[in-house]
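Student: Before we look at the labels, I would like to know what stands behind them. Can we take them one at a time?

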Amino acid sequence: GSFAGYFRGDVSVANGKFEVNTTAAAAIKVLAANANISSLELFEAGDFGYEFQYDGSNDKLHLWSRNFSGNEGVRMTWLKNGNVGIGTTNPNLTDFGSASRGIHIKNGQPTIKFEDDADTSYKSFIVQAGTALFIHNASNGLMRFGTNNTERMRITPAGLVGIGTTSPTVPLEVNGTVKFNEASGVSSGTVIIDGTATANPQLRF
């Protein structure tokens, strides 16, 4: 092959490894002309692998999967404002707020999965399926919701909801005041107790 440029530090190429040894900070720099593509390719024999690609014309860093039969394309994109895209090369969170920064996942059914490394049966999911959003604990465990570093509500493994209590004993248990306001077109708030003749619905004080 050919080489044009310079090295600083001790450089060696042997046994398929490229090493730069120095007592100071070390780096590999790929410099392309302005508004051009520069990349680092990590391939195996047969030209299957991954490519880190900097798109100088759009200031984006892409991670490509390359030459996978029917499965080639950009997998992740990083923008200089800190946004990360999975399934999109234009991660944008401004529809939530103009200052929003974070991860934008775009797919037919974008999913985030959490799994315990000690026990893989402990897992949960956040899934966008069409217009429906699922927050799902697949384990036999509770779900807790809080603000200001304090728990405000929980759902037990049995599906009981507690607000202001950590041990609900009925489908909805509230420790505190419940307020019913009038709805549009209704003169006052309403409590409806509905049941069958054998269910004996009750309102207790």
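**Strands, sheets and surface**

Tutor: Strand β10 (residues 123-129) is joined to β11 by six bridges, in the antiparallel sense. This is a predicted model, in which local features need pLDDT of at least 70 and side-chain atom pairs count only at pLDDT 80 or more, while totals for chains, interfaces and linings use all residues. Residues are numbered from 1 along each chain as its sequence is written, and side-chain values use heavy atoms, with hydrogens and water left out.

Student: What makes β10 and β11 a pair?

Tutor: Two strands pair if DSSP finds at least two bridges between them. β10 and β11 have six bridges, so they pair. V127 stands opposite F134 in β11. As for the strands themselves, they are DSSP runs of E with at least two residues, numbered from the N terminus (helices are runs of H or I with at least four).

Student: What is the order in the open sheet of six strands?

Tutor: That order is β3-β4-β5-β6-β7-β8, and the pairing is mixed. The edge strands β3 (37-44) and β8 (103-105) each pair on one side only.

Student: How do you know that β5 pairs with β4 and with β6?

Tutor: Seven bridges join β5 to β4 (residues 48-55), and the two run antiparallel. L61 in β5 is the bridge partner of Y54. Six bridges join β5 to β6 (residues 73-79), again antiparallel, and W64 stands opposite V74 in β6.

Student: Why is strand β5 called largely enclosed?

Tutor: Buried means under 20% relative accessible area, exposed over 50%, and partly exposed in between (1.4 Å probe, protein chains only). In β5 (residues 60-66), six of the seven residues are buried, so the rest of the structure largely encloses this strand.

Student: Is V191 buried or exposed?

Tutor: V191 has 52% relative accessibility and therefore counts as exposed. V191 is found in the segment after β15 (172-174).

Student: What sits between the strands in the hairpin of β4 and β5?

Tutor: The hairpin has four residues between the strands, and D59 takes a positive phi near 55 degrees.

Student: What is the bridge partner of T77 in β7?

Tutor: The partner is G85. β6 and β7 (residues 84-86) pair over three bridges in the antiparallel sense.
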